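Please look over the structure shown below together with the briefing that follows, which is grouped by topic.

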Amino acid sequence: MRRELLYKEIKEFTEIAKRAFYLGLQSSTGGNISLKTQDNFIITKPSGKALIGCTFEDLIILDSQGHIIEGKEKPTKEIRLHLGIYNVRNDVRGIVHYHSPWTTAFAVQGVPVPLVTLHSKRILKRVPLIPDV
């Protein structure tokens, strides 16, 4: 069983998911965290479940095509987005995709998210908004 072989990574992974919730970076059921291991991909939670409730048993292990190797429930609908990034960027080992209450508030007002740290200004330069369709 791969889950036991990846125990350390998965345990740390679930703690990161819970920490994100407690820090207010994520609320409700929106967003996911995924991790690329040597041979597989791990996604934090099944579709419709909050990160705060993420457990060792909830994590879903997938192959590069998105087929479930281990896991009892349906993965998030954003799994194709995560796998697409991993498949075109070999240097990416993890993806954090949140629906942060603060960034959501800026976005619904049509205001770009302000970059308040030197690192964000240097690395991100800006956070573009996707226009309404």
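**Surface patch and model basis**

Leu23, Leu25, Trp102, Phe106 and Val111 make a nonpolar surface patch of about 450 Å², where a patch is built from residues with over 30% relative accessible area and no salt bridge, nonpolar side chains (Val, Leu, Ile, Met, Phe, Trp, Tyr) being joined within 5 Å and like charges within 9 Å. This is a predicted model, in which local features need pLDDT of at least 70 and side-chain atom pairs count only at pLDDT 80 or more, while totals for chains, interfaces and linings use all residues. Residues are numbered from 1 along each chain as its sequence is written, and side-chain values use heavy atoms, with hydrogens and water left out.

- Phe106, one of the patch residues, lies in helix H4 (residues 101-108), helices being DSSP runs (H or I) of at least four residues and strands (E) of at least two, numbered from the N terminus.
- Phe106 has a relative accessible area of 32% and is partly exposed, given that buried means under 20%, exposed over 50% and partly exposed in between (1.4 Å probe, protein chains only).

**Nonpolar cores**

- The largest nonpolar core has 11 residues, including Leu6, Phe13, Ile33, Ile42 and Leu51; such a core is a set of buried Ala, Val, Leu, Ile, Met, Phe, Trp, Tyr and Cys residues joined through side-chain atoms within 4.5 Å.
- Helix H2 (residues 7-22) gives the most to this core, with three residues.
- Apart from this core lies another, of nine residues, among them Ile79, Leu83, Val92 and Ile95.
- Not counting residues up to four places away in sequence, Ile33 touches a set of residues that includes Phe13, Ala17, His82, Ile95 and Tyr98, contact meaning heavy atoms within 4.5 Å.

**Strands**

- Strand E1 (residues 31-36) and E5 run antiparallel and are joined by five bridges, two strands being paired if DSSP finds at least two bridges between them.
- Within this pairing, Ser34 stands opposite Ile95 in E5.
- Strand E5 (residues 94-98) has Ile95 and His97 on a covered face, whereas Gly94, Val96 and Tyr98 form the uncovered one.

**Salt bridge**

- The structure holds one salt bridge, defined as a side-chain nitrogen of Lys or Arg within 4 Å of a carboxyl oxygen of Asp or Glu.
- The side chains of Arg89 and Asp91 meet in a salt bridge at 2.7 Å, N to O; Arg89 counts as partly exposed at 42% relative accessibility, and Asp91 as exposed at 53%.

**Backbone at Lys125**

- Lys125, in the segment after helix H5 (118-123), has a phi near 70 degrees, a positive value in a residue other than glycine.
- Lys125 counts as exposed, at 62% relative accessibility.

Key. Accessible areas come from the Shrake-Rupley method with a 1.4 Å probe; for residues, only the protein chains shown count as cover.
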